[in-house]
Structures are given as C-alpha cells and as structure tokens.
Amino acid sequence: MRHFRALNPVAEPERFDGLGQYRVEIGNGAVICMASDLLPADKKNWFVPAWLL
C-alpha cells in the first residue's frame with residue numbers, strides 16, 4: 001500500500017509544480033489477498049479477500 005502514494009502528484013497538485021490541470025480525486029484503494037475476511041488497512045484502503053471477487 002505504500003506505493004499508493006505514487007498517486008499524490010495528481011491528488012495534491014498544489015504540492016507539485018505545474019500539475020494543477022491534472023488534478024484527480026483519488027478514491028479508496030484495495031489490496032487483493034488471501035485474507036479470510038474484508039479488513040480495513042487504514043482510513044482509505046482495504047484488504048479484500050480474493051474469494052470475495
């Protein structure tokens with residue numbers, strides 16, 4: 001999930017010069033895994049069991 005931060009330049013363009021026109025709202029994220037239940041990872045990301053798909 002730490003790689004989800006790679007999207008910060010388009011979510012917070014004011015912190016990155018010249019990217020204002022590319023602003024995009026980033027929603028929730030998910031990690032598909034072998035967990036037995038749907039689990040929150042943090043306030044915007046979830047661990048989603050593969051069987052749930």
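At 10% relative accessibility, N45 counts as buried, where buried means under 20% relative accessible area, exposed means over 50%, and partly exposed lies in between, as found with a 1.4 Å probe on protein chains only. This is a predicted model, in which local features need pLDDT of at least 70 and side-chain atom pairs count only at pLDDT 80 or more, while totals for chains, interfaces and linings use all residues. Residues are numbered from 1 along each chain as its sequence is written, and side-chain values use heavy atoms, with hydrogens and water left out.

**The sheet**

- Three strands make up an open sheet in the order β1-β3-β2, with mixed pairing; strands here are DSSP runs of E with at least two residues, helices are runs of H or I with at least four, and both are numbered from the N terminus.
- Because β1 (29-33) and β2 (39-40) stand at the edges with a single partner strand each, one side of each is left without a neighbour in the sheet.
- Two strands are taken to pair if DSSP finds at least two bridges between them, and by this rule β1 and β3 pair in the parallel sense over five bridges, whereas β2 and β3 pair in the antiparallel sense over two bridges.
- A hairpin through four residues joins β2 to β3, and across this pair P40 stands opposite W46 in β3, while L39 has F47 in β3 as its bridge partner.
- In a regular strand the side chains alternate between the two faces of the sheet.

**N45**

- N45 has its place in strand β3, and a polar atom of its side chain lies 3.3 Å from the backbone nitrogen of G29; a polar contact is a pair of N or O atoms within 3.5 Å, of which, within protein, one must be able to donate a hydrogen and the other to accept it, and residues adjacent in sequence count only if both atoms are side-chain atoms.
- When neighbours within four places in sequence are left aside, N45 is in contact, meaning heavy atoms within 4.5 Å, with M1, F4, N28, G29 and P40.

- F47 is found in strand β3, which covers residues 45-49, and counts as partly exposed because its relative accessible area is 29%.
- V31 stands opposite F47 in β3, and the contacts of F47, apart from neighbours within four places in sequence, are M1, V31, C33, D37, L38, L39 and A41.
- The C-alpha atoms of F47 and G29, which are 18 residues apart along the chain, are separated by 8.8 Å.
- D37 is found in the loop between β1 and β2 and is partly exposed, with a relative accessible area of 47%; leaving aside neighbours within four places in sequence, D37 is in contact with F47 and P49.

**The nonpolar surface patch**

- L38, W46, W51 and L52 form a nonpolar patch on the surface, with about 440 Å² of accessible area together.
- L52, which has its place in the segment after β3, counts as partly exposed at 43% relative accessibility.
- Patches are made of residues with over 30% relative accessible area and no salt bridge, with like charges joined within 9 Å and nonpolar side chains (Val, Leu, Ile, Met, Phe, Trp, Tyr) within 5 Å.
- A salt bridge is a side-chain nitrogen of Lys or Arg within 4 Å of a carboxyl oxygen of Asp or Glu.

Conventions:
Areas by Shrake-Rupley, 256 points an atom, 1.4 Å probe, with all protein chains shown as cover.
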